[in-house]
Amino acid sequence: MGRDGERRLDRSEGFGEHLLGALLDQAHELPPHLIAPLVADAVRGFGGRDPVLLLQDYGQLVLVPLSGRGLAAREPVPIDGSSAGAAFLSGVSVEVPHGDGVRVYLPLLDGGDEVGVLALTLDDVDGDDRRLLRRFASLVADLLVTKSGYTDRIFQARRLQPMSVAAEIQWSLLPPLAMTAPRVAVAGVLEPAYQVAGDSFDYALNDDLLHVATIDAMGHGLDAAAMATVAIGAYRHARRADIGLAEIYAFMDRAIAEQFGPDHFVTAQMMRLNTVSGHLQWVNAGHPQPLLIRDHVVVERLESETTLPVGFGGEEPVISERALRHGDRVLCFTDGLVEEREPGGEQFGEEQLIDWVNRVERSQEGVRAVVRALSHVLKEKRGGHTSDDATLFLIEWR
């Protein structure tokens, strides 16, 4: 029964199929600016009220409301310490009694990545409601991802400060920041979010093989962004040709050398993980050694022979190999993370990084939450700023 004693709205399977089907029918040719009223109308259709669409800002500190007709006006919500943030970080809906009903926070999941959170209020919530809301949130997430390719409004909503041209280029290159699949999960982060230039990462899950690359182009600003663009483009082109890691390195090396000349280079790390067997292969072209995390503790550095950075025309690289155990995590990072100076002038260093990885691993669940928390705490411990780009990329063999 509703709050006025009227007969409870039918949100059973048949009702849900009809509502979601109608939403899909309208979404195909929907102009991006009508996402908000479409979502608001659907929420009202199953008896909800006060809907808010919250999107993660680029700095991953707050959830920013998307404006639009039918959506309730709200201030940005901090991710840490809020119900909306709890839903966002866990990927599980959160229900909070709210005076005249229940406030529900629904994670907007798209392929394991998370777009944001949909918040709404219902009189009460049962199993039918939860099933419908979960499917509705998935549809809204897909809608936001699809329509973001046709509008700037979603990107603009996520910005809390001006973004450099170089950072604009880098963000346009990135795949989704996280992916979760049955056998593997990954998550990455770039900092400084609004000024990053030469760092980037890329990944692809092709059948049973996970491909990963992290790169750091020399220099700063647009020059570094241009090199990073060519490096990532060359990596994707070679990867999609189904060639080996040594050949991928050689292709990237030629692309950078031919485009920018002998005095320019990109450090890189390319990996392949067989998600069935846990067999990991990698080529290290000038990056710090990745960290192997087991049972939430760093157990070793993954040492390997390094080859020259991409663009310097190195010899055919040695491919390093390791058999992972179920649950193992591999953390890749660029030198900007450990070479930053602390407020007292000391270099941050890998030992401090390992210490903080161990602390964060014990306090967070899931690769996305670990990477985000680690990025923020490391930046704070390095004085709250960074003079160089820094990348974290975490892989979990599940």
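Predicted model: local features only at pLDDT ≥ 70, side-chain atom pairs only at ≥ 80, totals over all residues.

Student: Okay, which residue in β14 is the bridge partner of L292?
Tutor: E300. The strands involved are β13 (residues 291-294) and β14 (residues 297-301), which run antiparallel and are joined by four bridges.

Student: And how many residues sit between the strands in that hairpin?
Tutor: Two. One detail there: D295 takes a positive phi near 55°.

Student: Zoom out. How many helices and strands in the protein chain?
Tutor: The chain has 10 helices and 17 strands. Its C-alpha trace spans about 75 × 45 × 40 Å along the principal axes.

Student: What is the radius of gyration, against that of a compact globule?
Tutor: It is 23 Å. A compact globule with 398 residues would be near 21 Å, so the chain agrees with that.

Student: Now the six-strand sheet. What's the strand order?
Tutor: β3-β2-β1-β6-β5-β4, as an open sheet with antiparallel pairing. β3 (77-78) and β4 (94-97) are at the edges. Each has a single partner strand, so one side of each has no neighbour in the sheet.

Student: How many bridges between β5 and β6?
Tutor: Nine, in the antiparallel sense. β5 covers residues 102-110 and β6 covers residues 113-122. L106 is opposite L118 in β6.

Student: Which strands does α3 lie across?
Tutor: Helix α3 (residues 83-90) lies across β1 (49-56), β2 (62-65), β3, β4, β5 and β6. It runs at about 140° to β6.

Student: And α4, which strands does that lie across?
Tutor: Helix α4 (residues 127-147) lies across β1, β4, β5 and β6, at about 45° to β5.

Student: Switching to helix packing. At what angle do α6 and α7 pack?
Tutor: About 15°, with the axes 8 Å apart. α6 is residues 165-173 and α7 is residues 221-239.

Student: Why call them roughly parallel?
Tutor: Angles under 35 degrees count as roughly parallel, and therefore α6 and α7 do. The crossing of α6 past α7 is left-handed.

Student: Which residues meet there?
Tutor: From α6, V165, A166, I169, Q170 and L173. From α7, G221, L222, A225, A228, T229 and R236. By class, that contact has seven nonpolar, three polar and one charged residues.

Note on methods: Residues numbered from 1 in each chain as written. Heavy atoms only, no water. Axes fitted to C-alpha atoms, helices over the stretch in contact; angles between N-to-C directions. Parallel < 35°, antiparallel > 145°, perpendicular 65-115°, else oblique. Left-handed = near helix turned anticlockwise from the far one by under 90°. Contact = heavy atoms within 4.5 Å. Nonpolar A, V, L, I, M, F, W, Y, C, P; charged D, E, K, R; others polar. Pairing = 2+ DSSP bridges. Rg over C-alpha atoms; globule rule 2.2 N^0.38 Å.
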